[in-house]
Amino acid sequence: MVPLSWYLGLSAMLFTIGAMGVFIKRNAITIFLCIELMLNAANLTLVSLSSFFGDVNGQLFVFIVMTVAAAEAAVGLAIIISIFRNRESLNVDEVDTLKL
Amino acid sequence: MEKGLFILFAVLALASALNILVQRNPLQGALSLIATLASLSAVYITLQAQFLAAIQIVVYAGAIMVLFVFVIMLLNEPKDQPQIEKQKWLRYLAIPFAGLLIAEMFYVIRSVKPVTLPVTPAEGDAVGTVSSIGKALFTTYLLPFEVTSVLILMAVVGAMVLARREGD
């Protein structure tokens, strides 16, 4: 049996990679991919704790998280499409209309 | 055996996740993320979460990533723009801060008291099977389940409104 801390460690590393990607990448789609990676890292924590504690609730949370991620991906990609139509660019540094 | 499989798929997941950061082309990043999601599905199998492993492939690697790849190909902007000079120092700051974040998380994980787990539930209502998840989903969590369908409907309408061209 694999110890619980290995799963939590894997999840922590995946989350860190995702957070790093959000900060160092400038392409809106790549940033979005990294957000999905962070969601998956959180899912891994929920699933591993759920099966180690023998409690089904954690897996239901993961189910809901996946549904919300699907809705978020649909809306987010639609926003990216409309940004690209207006600006001909996916670079997040150029989308700064709200910046003072 | 189980440990070997876990290590194999954990390394695969981490390597393809790092590949997202290395690749400049978002399409290759999306394909790497699909590899990460598939490896995570295998990790779920080692946790005896069969239902979520299947859903991970069907919903994440199937539906959501197809949407991503479709949008990347539709927009057809193949390369990441070269990094702007004023952002350069952020890249050198990113690695120490990532190290700090990971050290913090490992500190929290290590400070948790070791638990005498796993609890092995009785055969038949094992956690992670379709029947146990379905039972909880349609009894205790019936309201969230129904609200989720409203959320999906709103997302569909919202995506159509946002992606529509002016004048359609």
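Where in chain B is confidence lowest, and where is it highest? I looked this up before anything else, as the model is a predicted one. In chain B, helix α4 (residues 88-111) has the lowest confidence, with a mean of 82. Helix α2 (residues 26-46) of chain B has the highest, at 93.

**Entry: confidence overall**

I then checked chain B as a whole. Its mean pLDDT is 84, and 85% of its residues reach 70 or more. For the complete model I noted an ipTM of 0.91 and a pTM of 0.85.

**Entry: how chain B is divided**

I found two domains listed for chain B: domain 1 covers 1-82 and domain 2 covers 129-168. I also looked up the spacing between them, and the C-alpha centres of domain 1 of chain B and domain 2 of chain B are 23 Å apart.

**Entry: the build of chain A**

Next I turned to chain A. I counted three helices and zero strands there, and along the sequence the pattern reads α-α-α. The radius of gyration of chain A is 17 Å, well over the 13 Å that the globule rule gives for 100 residues, so chain A is more spread out than a compact globule. Along the principal axes, its C-alpha atoms fill a box of roughly 50 × 25 × 25 Å.

I wondered how many of the 100 residues of chain A count as buried. The figure is 54%. I also looked at contacts in chain A between residues at least 6 apart in sequence, and 46% of these join residues at least 24 apart.

**Entry: a closer look at α2(A)**

I picked out α2(A), which has 26 residues. From its first C-alpha to its last it reaches 38 Å, close to the 38 Å expected at 1.5 Å a residue. Is this helix enclosed or open? I found that 22 of the 26 residues of α2(A) are buried, so the helix is largely enclosed by the rest of the structure. Just after α2(A) I came to Gly54(A), which takes a positive phi of about 65 degrees.

**Entry: where the chains meet**

Last, I looked at the contact between the chains. Chain A brings 61 residues to the contact and chain B brings 70. On the side of chain A that touches chain B, α1 (4-24), α2 (28-53) and α3 (57-87) each supply at least two residues. Which of them gives the most? My note says α3(A), with 21 residues. Sorted by class, this side of chain A has 42 nonpolar, 15 polar and four charged residues.

Note on methods:
Residues numbered from 1 in each chain as written. Chains lettered and ligands numbered in written order. Predicted model: local features only at pLDDT ≥ 70, side-chain atom pairs only at ≥ 80, totals over all residues. Contact = placed C-beta atoms within 7 Å. Helix = DSSP H or I, 4+ residues; strand = E, 2+ residues; numbered from the N terminus. Nonpolar A, V, L, I, M, F, W, Y, C, P; charged D, E, K, R; others polar. Rg over C-alpha atoms; globule rule 2.2 N^0.38 Å. Buried ≥ 20, exposed ≤ 12 C-beta atoms within 10 Å, placed from the backbone. pLDDT = per-residue confidence, 0-100. Domains from an automatic or database assignment. Expected span 1.5 Å × (residues − 1).
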